[in-house]
Amino acid sequence: MKADPRIEPIQVNEISELLDIKWSVFSQYYSSKDACDNYSLACTDWSISVKLTFERKIVGMYLLKEEAISEIIPQEHITTLHESLFEYQGLRGIQGITLAIQEEYRGRGWGTFLKKYPRTLGYDYWWGIAFKTLGNLKDWQKQARLVGESRDLYLLLEDFR
């Protein structure tokens, strides 16, 4: 019988392992592991974030935070908006902080599996920031639309209403 990946809540004692996985995937985007860890610890709501397990091993994560899209635009220096986001004021948004899967488990559709998870949480919309250098805009646009950008980042949004 073939095992399937599972999306599960994160236990406090697993956070360190998840931070190590994130560092292994995104180290080139941070000045140090401490900077990566500190960002994740400051920005993540661990009660709504999830881990991806396969055969009882943690192989990925989706770090999330409840936050309105309007809160991030000035902070991330989004310089170009492709549409007005006025209609999202007052709605409940969830931000995708980090979606990461260990390299040896990629290419199985598990990223798409994780991307669908926020739809189940009762928010009005999902949004996230993606580094342009990741080259994965087309993958994100299968579910979300590009609503803004800066020199280095894309701002994406998926409406659940």
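Modeller: Some ground rules: residues are numbered from 1 along each chain as its sequence is written, and side-chain values use heavy atoms, leaving out hydrogens and water. In this predicted model, local features need pLDDT of at least 70 and side-chain atom pairs count only at pLDDT 80 or more, while totals for chains, interfaces and linings use all residues.

Biologist: How many bridges join β2 to β3?

Modeller: Two strands pair if DSSP finds at least two bridges between them. β2 and β3 form a hairpin with 2 residues between them, and Thr-53 has Ile-58 in β3 as its bridge partner. The two strands run antiparallel, and the number of bridges is 5.

Biologist: What is the phi of Glu-55?

Modeller: Most residues other than glycine have a negative phi. Glu-55 lies in the loop between β2 and β3 and counts as exposed because its relative accessibility is 60%. Its phi is positive, at about 50°.

Biologist: How many residues does the largest nonpolar core have?

Modeller: A nonpolar core is a set of buried Ala, Val, Leu, Ile, Met, Phe, Trp, Tyr and Cys residues joined through side-chain atoms within 4.5 Å. Tyr-62 and Trp-110 are among those with the most contacts inside the largest one. Leaving aside neighbours within four places in sequence, Tyr-62 is in contact (heavy atoms within 4.5 Å) with residues including Leu-114, Trp-126 and Trp-140. The largest core has 23 residues.

Biologist: Which element gives the most to the lining of the largest pocket?

Modeller: A pocket, on a 1 Å grid over the protein atoms alone, is an open set of points where a 1.4 Å probe fits, with protein on both sides within 12 Å along at least five of seven lines; lining residues have an atom within 4 Å of a point. Of the 40 lining residues, Phe-26, Leu-99 and Trp-140 are among the closest to the centre. α1, β5, α3, β6, α4 and β8 each supply at least two. The element giving the most, with 7 residues, is β5.

Definitions and conventions: Buried < 20%, exposed > 50% of the residue type's maximum accessible area, 1.4 Å probe, protein only. Helix = DSSP H or I, 4+ residues; strand = E, 2+ residues; numbered from the N terminus.
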